[in-house]
Amino acid sequence: MPIRSLNRVVNVCSKIAESTAAVFLWMIFLVLLGELLSRNLLSRSLAGSWELAAFMMAAMFFLGLAPALITESHVRVTMLSGRLKGRLAWLVEAVVLTVAFVVSSYGAIALINLALTSLQRGSRSWELSIPLALPQAFVALGMTLFAFTFAARLILLLFSSDELREEEQ
(Lines give C-alpha, C1' and ligand atoms only; values in the text may rest on other atoms or scores of the structure.)
Protein backbone atom coordinates (compact mmCIF):
# COMPACT_ATOMS: atom_id res chain seq x y z
CA MET A 1 0.00 0.00 0.00
CA PRO A 2 1.40 3.41 -0.97
CA ILE A 3 -0.24 5.14 2.00
CA ARG A 4 1.53 2.83 4.46
CA SER A 5 4.83 3.45 2.66
CA LEU A 6 4.33 7.21 2.87
CA ASN A 7 3.59 6.92 6.57
CA ARG A 8 6.75 4.85 7.13
CA VAL A 9 8.94 7.25 5.12
CA VAL A 10 7.62 10.22 7.11
CA ASN A 11 8.24 8.41 10.40
CA VAL A 12 11.79 7.34 9.43
CA CYS A 13 12.70 10.86 8.22
CA SER A 14 11.26 12.26 11.42
CA LYS A 15 13.30 9.90 13.59
CA ILE A 16 16.49 10.80 11.71
CA ALA A 17 15.75 14.52 12.11
CA GLU A 18 14.92 14.03 15.78
CA SER A 19 18.17 12.13 16.40
CA THR A 20 20.19 14.75 14.54
CA ALA A 21 18.53 17.51 16.57
CA ALA A 22 19.42 15.65 19.76
CA VAL A 23 23.05 15.37 18.63
CA PHE A 24 23.09 19.13 18.00
CA LEU A 25 21.66 19.72 21.48
CA TRP A 26 24.47 17.69 23.05
CA MET A 27 27.05 19.47 20.91
CA ILE A 28 25.68 22.84 22.08
CA PHE A 29 26.00 21.64 25.66
CA LEU A 30 29.60 20.54 25.10
CA VAL A 31 30.62 23.76 23.32
CA LEU A 32 29.08 25.97 26.02
CA LEU A 33 30.50 23.81 28.80
CA GLY A 34 33.92 24.20 27.17
CA GLU A 35 33.34 27.96 26.96
CA LEU A 36 32.43 28.15 30.67
CA LEU A 37 35.40 26.06 31.73
CA SER A 38 37.76 28.06 29.53
CA ARG A 39 36.50 31.37 30.90
CA ASN A 40 36.63 30.27 34.52
CA LEU A 41 39.84 28.24 34.47
CA LEU A 42 41.89 30.00 31.78
CA SER A 43 40.29 33.45 31.89
CA ARG A 44 39.82 33.42 28.14
CA SER A 45 36.97 32.71 25.81
CA LEU A 46 36.95 29.96 23.20
CA ALA A 47 36.97 31.61 19.79
CA GLY A 48 33.66 31.20 18.00
CA SER A 49 31.93 29.14 20.67
CA TRP A 50 28.85 31.36 20.69
CA GLU A 51 28.76 31.48 16.89
CA LEU A 52 28.93 27.69 16.72
CA ALA A 53 26.27 27.29 19.40
CA ALA A 54 23.95 29.66 17.54
CA PHE A 55 24.34 27.72 14.28
CA MET A 56 23.69 24.41 16.03
CA MET A 57 20.69 25.86 17.88
CA ALA A 58 19.07 27.02 14.64
CA ALA A 59 19.66 23.59 13.09
CA MET A 60 18.30 21.86 16.19
CA PHE A 61 15.12 23.95 16.25
CA PHE A 62 14.35 23.45 12.58
CA LEU A 63 15.20 19.74 12.57
CA GLY A 64 12.85 19.33 15.54
CA LEU A 65 9.82 20.78 13.73
CA ALA A 66 8.76 17.65 11.83
CA PRO A 67 9.17 15.25 14.80
CA ALA A 68 7.18 17.65 16.98
CA LEU A 69 4.40 17.72 14.38
CA ILE A 70 4.29 13.93 14.19
CA THR A 71 4.09 13.56 17.96
CA GLU A 72 1.53 16.39 18.04
CA SER A 73 3.54 18.43 20.52
CA HIS A 74 3.19 21.66 18.51
CA VAL A 75 0.97 24.32 19.98
CA ARG A 76 -2.34 24.15 18.14
CA VAL A 77 -5.42 26.24 18.54
CA THR A 78 -8.16 23.67 18.97
CA MET A 79 -10.97 25.91 20.14
CA LEU A 80 -12.77 25.49 16.82
CA SER A 81 -11.58 22.07 15.67
CA GLY A 82 -12.20 20.57 19.11
CA ARG A 83 -15.86 21.49 18.91
CA LEU A 84 -16.40 20.30 15.36
CA LYS A 85 -17.36 16.76 14.47
CA GLY A 86 -17.51 14.60 11.39
CA ARG A 87 -17.15 16.00 7.90
CA LEU A 88 -16.80 19.63 9.05
CA ALA A 89 -13.90 18.76 11.39
CA TRP A 90 -12.27 16.85 8.52
CA LEU A 91 -12.70 19.85 6.18
CA VAL A 92 -11.20 22.30 8.71
CA GLU A 93 -8.24 19.97 9.25
CA ALA A 94 -7.73 19.67 5.48
CA VAL A 95 -7.77 23.46 5.05
CA VAL A 96 -5.37 23.99 7.96
CA LEU A 97 -2.95 21.34 6.66
CA THR A 98 -3.10 22.86 3.16
CA VAL A 99 -2.32 26.36 4.44
CA ALA A 100 0.44 25.01 6.69
CA PHE A 101 1.93 23.10 3.76
CA VAL A 102 1.91 26.18 1.52
CA VAL A 103 3.48 28.43 4.18
CA SER A 104 6.13 25.90 5.23
CA SER A 105 6.93 25.13 1.57
CA TYR A 106 7.48 28.82 0.92
CA GLY A 107 9.79 28.96 3.94
CA ALA A 108 11.64 25.84 2.79
CA ILE A 109 12.17 27.25 -0.70
CA ALA A 110 13.41 30.54 0.74
CA LEU A 111 15.85 28.76 3.08
CA ILE A 112 17.11 26.46 0.31
CA ASN A 113 17.69 29.51 -1.89
CA LEU A 114 19.53 31.24 0.97
CA ALA A 115 21.84 28.24 1.44
CA LEU A 116 22.46 27.95 -2.31
CA THR A 117 23.21 31.68 -2.59
CA SER A 118 25.66 31.44 0.32
CA LEU A 119 27.29 28.45 -1.34
CA GLN A 120 27.60 30.22 -4.70
CA ARG A 121 29.01 33.38 -3.14
CA GLY A 122 31.31 31.51 -0.80
CA SER A 123 29.87 33.37 2.20
CA ARG A 124 31.56 32.59 5.48
CA SER A 125 30.76 33.23 9.12
CA TRP A 126 32.42 36.15 10.85
CA GLU A 127 34.47 34.61 13.62
CA LEU A 128 35.24 31.02 12.60
CA SER A 129 35.01 31.46 8.85
CA ILE A 130 32.62 28.52 8.53
CA PRO A 131 30.92 28.33 5.13
CA LEU A 132 27.46 29.71 5.90
CA ALA A 133 25.87 27.25 3.50
CA LEU A 134 26.58 24.43 5.97
CA PRO A 135 24.46 25.59 8.92
CA GLN A 136 21.91 27.05 6.50
CA ALA A 137 21.59 23.64 4.82
CA PHE A 138 20.59 22.02 8.11
CA VAL A 139 17.98 24.74 8.70
CA ALA A 140 16.67 24.34 5.14
CA LEU A 141 16.55 20.56 5.57
CA GLY A 142 14.54 20.91 8.77
CA MET A 143 12.04 23.25 7.13
CA THR A 144 11.80 21.00 4.07
CA LEU A 145 11.05 17.98 6.27
CA PHE A 146 8.44 20.09 8.08
CA ALA A 147 6.73 20.97 4.78
CA PHE A 148 6.98 17.34 3.63
CA THR A 149 5.33 16.21 6.89
CA PHE A 150 2.43 18.62 6.35
CA ALA A 151 2.01 17.29 2.81
CA ALA A 152 2.10 13.70 4.05
CA ARG A 153 -0.44 14.45 6.78
CA LEU A 154 -2.74 16.03 4.22
CA ILE A 155 -2.41 13.01 1.91
CA LEU A 156 -3.00 10.67 4.83
CA LEU A 157 -6.06 12.67 5.84
CA LEU A 158 -7.47 12.58 2.33
CA PHE A 159 -6.81 8.89 1.72
CA SER A 160 -6.59 7.39 5.20
CA SER A 161 -8.23 4.19 6.33
CA ASP A 162 -9.10 2.83 9.76
CA GLU A 163 -6.30 0.29 9.31
CA LEU A 164 -3.71 3.05 8.94
CA ARG A 165 -4.99 4.89 12.01
CA GLU A 166 -4.71 1.68 14.06
CA GLU A 167 -1.16 1.15 12.77
CA GLU A 168 -0.09 4.64 13.94
CA GLN A 169 -1.25 3.99 17.52
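Modeller: The model is a predicted one, and a residue counts as exposed when its relative accessible area is over 50%. R44 has a relative accessibility of 58% and therefore counts as exposed. R44 is placed in the loop between α1 and α2. Apart from neighbours within four places in sequence, R44 is in contact with S38 and R39.

Biologist: Is S43 buried or exposed, and what is its phi?

Modeller: S43 is exposed, its relative accessible area being 67%. S43 belongs to the loop between α1 and α2. Its phi is positive, at about 55°, although S43 is not a glycine.

Biologist: I turn now to the opposite end of the scale. What is the relative accessible area of S125, and with which residues is S125 in contact?

Modeller: A value under 20% is read as buried. For S125 the relative accessible area is 8%, so S125 is buried. S125 lies in the loop between α4 (86-121) and α5 (133-159). When neighbours within four places in sequence are set aside, the contacts of S125 are E51, F55, I130 and L132.

Biologist: Which polar group does the side chain of S125 meet in a polar contact with another side chain, and which backbone atom does the S125 side chain reach?

Modeller: A polar contact is read from a pair of N or O atoms within 3.5 Å. The S125 side chain makes a polar contact with the side chain of E51, at 3.0 Å. The side chain of S125 also reaches the backbone nitrogen of S129, at 3.2 Å.

Biologist: Which residues does S14 touch, not counting those up to four places away in sequence, and is S14 buried or exposed?

Modeller: S14 is found in helix α1. With a relative accessible area of 6%, S14 is buried. Not counting residues up to four places away in sequence, S14 touches A66, P67 and I70.

Biologist: What is the relative accessible area of N7, and how is the separation of N7 and S38 to be read?

Modeller: N7 is also in helix α1, and N7 is buried at a relative accessible area of 4%. N7 and S38 are 31 residues apart along the chain, and their C-alpha atoms are separated by 46 Å.

Biologist: Let us proceed to pairs of helices. At what angle do the axes of α1 and α2 cross, and what is the handedness of the crossing?

Modeller: An angle over 145 degrees counts as roughly antiparallel. The axes of helix α1 (residues 2-42) and helix α2 (residues 49-63) cross at roughly 160° and come within 9 Å. The two helices are therefore roughly antiparallel to each other. The crossing of α1 and α2 is left-handed. Among the residues making the contact are F24, L25, I28 and L32 of α1 and W50, L52, M56 and M60 of α2. By class, the contact of α1 with α2 comprises 16 nonpolar, two polar and three charged residues.

Biologist: At what angle do α2 and α5 pack, and which residues make the contact?

Modeller: Angles under 35 degrees count as roughly parallel. The axes of α2 and α5 are 7 Å apart and the angle is about 15°. These helices are therefore roughly parallel to each other, and α2 passes α5 in a left-handed crossing. The contact is made by F55, A58, A59, F62 and L63 of α2 with P135, F138, V139, L141, G142 and M143 of α5. The contact of α2 with α5 contains ten nonpolar residues, one polar and no charged.

Biologist: Finally, how far apart are the axes of α4 and α5, and how do the residues of their contact divide by class?

Modeller: The axes of α4 and α5 are 8 Å apart, at an angle of about 160°. That angle makes α4 roughly antiparallel to α5. The crossing of α4 and α5 is left-handed. Their contact divides into 23 nonpolar, seven polar and two charged residues.

Note on methods:
Residues numbered from 1 in each chain as written. Predicted model: local features only at pLDDT ≥ 70, side-chain atom pairs only at ≥ 80, totals over all residues. Heavy atoms only, no water. Axes fitted to C-alpha atoms, helices over the stretch in contact; angles between N-to-C directions. Helix = DSSP H or I, 4+ residues; strand = E, 2+ residues; numbered from the N terminus. Parallel < 35°, antiparallel > 145°, perpendicular 65-115°, else oblique. Left-handed = near helix turned anticlockwise from the far one by under 90°. Contact = heavy atoms within 4.5 Å. Nonpolar A, V, L, I, M, F, W, Y, C, P; charged D, E, K, R; others polar. Buried < 20%, exposed > 50% of the residue type's maximum accessible area, 1.4 Å probe, protein only. Polar contact = N/O pair within 3.5 Å; in protein donor to acceptor, adjacent residues only side chain to side chain.
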